[in-house]
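Please look at the sequence and the model below, and then work through the questions one at a time.

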Amino acid sequence: GMTALGMEDTDNPEKMAECLGKIDTAGKFLMGLLNDLVDVSKIEMGSFRLHPRPCAFDNIISSIRDMMDPACAKKGITFHMTEGEIGINIMADPMRFEQLLFNLLSNAVKFTQRGGEVSFRICNYATYNDKFCADYVISDNGIGMSSEFQELLFEPFTNERQDAAKKKHGSGLGLAIVRNIVDLMGG
């Protein structure tokens, strides 16, 4: 629909740019959904794998900040994140590690109202038997979830329909993927 509208407004660059922006957003959403479906399919088939390699922990955390700062700013949410560098290299699949943190933080942003707060802290970190261990704490002052839903939240295609009018429901795949990545990482 936006493509047709944009093509009608070829003489109006502002309107065309607006349409292209909406097409871009929709395309990114659909690509994310498709990637999530492929990941869940791989999980169900038992072929979902991590590809660990040496990487700088601080680069992963910096990437998360770079993704979340604009998302929070766009929605008028204050984003607090652990400051300072940890300065170590870890053996991890950086793409999947970022994916799990991004999925968790995206949910926090999605379910937090304008003017709210989302925080991400890394604490209790240490190296033990050549493994980096840490607690990753994500908190928000969003709408929350019922205790009944908390028992199901890692199941694929589940989401809590607290208020149908708010239309804040995703595909229900993000947390199932997060759970699998965490399990594969030994978390």
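Q: Which residues does K42 touch, not counting residues up to four places away in sequence?
A: The model shown here is predicted, and in it K42 has its place in helix α2, which spans residues 13-45. When residues up to four places away in sequence are not counted, the residues that K42 touches are S47 and F48.

Q: Is K42 buried or exposed, or does it fall in between?
A: A residue counts as buried under 20% relative accessible area and as exposed over 50%, while partly exposed covers the values in between. The relative accessible area of K42 is 34%, so this residue is partly exposed.

Q: With which residues is N180 in contact, leaving aside its neighbours within four places in sequence?
A: N180 is found in helix α6, made up of residues 174-184, and it is buried, with a relative accessible area of 18%. Leaving aside the neighbours within four places in sequence, the contacts of N180 are with I43 and F48.

Q: How many aromatic pairs does a search of the whole structure find?
A: Two rings of Phe, Tyr or Trp count as a pair if their centres lie within 6.5 Å. With the whole structure searched, the number of aromatic pairs found is four.

Q: Why is the pair of F57 and F97 called tilted, rather than stacked or edge-to-face?
A: The ring centres of F57 and F97 are 6.3 Å apart. Planes under 30 degrees apart would count as stacked and planes over 60 as edge-to-face. The planes of F57 and F97 stand at 40°, so the pair is tilted.

Q: How many residues apart in sequence are the parts that the pair of F57 and F97 ties together?
A: F57 lies in helix α3 (residues 57-75), whereas F97 lies in helix α4 (residues 94-110). F57 is buried at a relative accessible area of 0%, and F97 also counts as buried at 4%.

Q: What is the angle between the planes of F57 and F132?
A: F57 in helix α3 and F132 in strand β5 are 75 residues apart, and their pair links distant parts of the chain. F132 counts as partly exposed at 21% relative accessibility. Their ring centres are 4.8 Å apart in a tilted pair, and the angle between the planes is 55°.

Conventions:
Residues numbered from 1 in each chain as written. Predicted model: local features only at pLDDT ≥ 70, side-chain atom pairs only at ≥ 80, totals over all residues. Heavy atoms only, no water. Phe/Tyr/Trp six-rings, centres within 6.5 Å; stacked < 30°, edge-to-face > 60°. Helix = DSSP H or I, 4+ residues; strand = E, 2+ residues; numbered from the N terminus. Buried < 20%, exposed > 50% of the residue type's maximum accessible area, 1.4 Å probe, protein only. Contact = heavy atoms within 4.5 Å.
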